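Please walk me through this structure. I would like to follow its charged side chains and its aromatic rings.

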Amino acid sequence: MKTAFILASSSPFRQQLLKKIIPEFHHFSPEIDESAKADEKPEQLVRRLALEKAQTARNLYGNGLVIGSDQVALHNGDILGKPHTVAKAEAQLARFSGEKVTFLTSLALLDIETGKNTVIVEPFEVHFRHLSAEQIRLYVAKEQPLNCAGSFKSEGLGICLFEALKGDDPNALVGLPLLRLNQLLLDWGIDPLAL
């Protein structure tokens with residue numbers, strides 16, 4: 001029987017990434033509270049949220065392999081999520097100017113029927129150029145990155161904000177670490193080349 005794949009995300013960026021290795025899958029928007037718990041470390045937060053997102057698929061599907069993911073930006077020990085407003089996006093980018101920001105992207109793989117799951121976290125460092133207030137204003141106005149952790153889209157014009165990128169999987173920065181997902185699927189006996 002053919003395995004059904006389900007992406008627990010409404011993100012068009014994650015959907016585009018997943019299509020690179022899994023041509024056919026269902027997707028839905030998981031409704032969960034993404035607030036951090038008291039004393040929850042950033043890595044614990046993204047691990048928990050990826051798994052919780054994947055687990056919500058049980059309410060909609062009887063079987064299948066669910067892929068969940070979450071991402072946070074870390075700067076000087078602070079967790080920074082999606083800005084949601086122009087003012088907050090501009091403030092985040094001003095804060096990042098000339099600085100290093102670490103992105104933690106989690107990935108959960110869950111078998112609905114058995115409950116088997118694996119969760120990993122992939123770090124990725126972004127070194128920002130020194131940005132003027134005008135460059136920040138222009139960027140936010142052009143790309144409107146209000147639903148992106150860190151207030152940029154690295155797959156678009158956001159690449160102009162960076163001096164250097166450091167990490168094993170550039171897909172993780174966009175929101176879904178495909179190299180790690182490929183390895184997890186292989187570990188579970190599924191070869192994406194055979195799909």
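Is Glu134 buried, exposed or partly exposed? Glu134 is partly exposed, with a relative accessible area of 42%. Here buried means under 20% relative accessible area, exposed over 50%, and partly exposed in between (1.4 Å probe, protein chains only).

A word on the model comes next. This is a predicted model, in which local features need pLDDT of at least 70 and side-chain atom pairs count only at pLDDT 80 or more, while totals for chains, interfaces and linings use all residues. Residues are numbered from 1 along each chain as its sequence is written, and side-chain values use heavy atoms, with hydrogens and water left out.

Start with the charges. Side chains of opposite charge can pair when their charged atoms come close. A salt bridge is a side-chain nitrogen of Lys or Arg within 4 Å of a carboxyl oxygen of Asp or Glu. The structure holds nine salt bridges. One of them joins Glu134 to Arg137, with the closest N and O atoms 2.8 Å apart. Both residues lie in helix α4 (residues 133-143), three residues apart, about one turn of the helix. Helices (H or I, at least four residues) and strands (E, at least two) are DSSP runs, numbered from the N terminus. Arg137 is partly exposed, at 39% relative accessibility.

Helix α2 holds another pair, Glu43 and Arg47, four residues apart. Their salt bridge spans 3.4 Å, N to O.

Glu34 and Lys53 also meet in a salt bridge, at 3.8 Å, N to O. Glu34 lies in the loop between β2 (26-28) and α2 (42-55) and Lys53 in helix α2, so the pair ties together parts that are 19 residues apart in sequence. Glu34 is partly exposed at 37% relative accessibility. Lys53 is buried, at 6%.

Now turn to the rings. Rings of Phe, Tyr and Trp (its six-membered ring) pair if their centres lie within 6.5 Å; planes under 30 degrees apart count as stacked, over 60 as edge-to-face and the rest as tilted. The structure holds six aromatic pairs. Phe128 and Phe152 form an edge-to-face pair, 5.7 Å centre to centre, with 70° between the planes. Phe128 sits in strand β6 (residues 117-128) and Phe152 in the loop between α4 and β7 (162-167), 24 residues apart. Phe128 is buried, with a relative accessible area of 2%. Phe152 is buried too, at 5%.

Phe152 also pairs edge-to-face with Phe162, at 4.9 Å centre to centre and 80° between the planes. Ring pairs link Phe96, Phe103, Phe128, Phe152 and Phe162 into a cluster.
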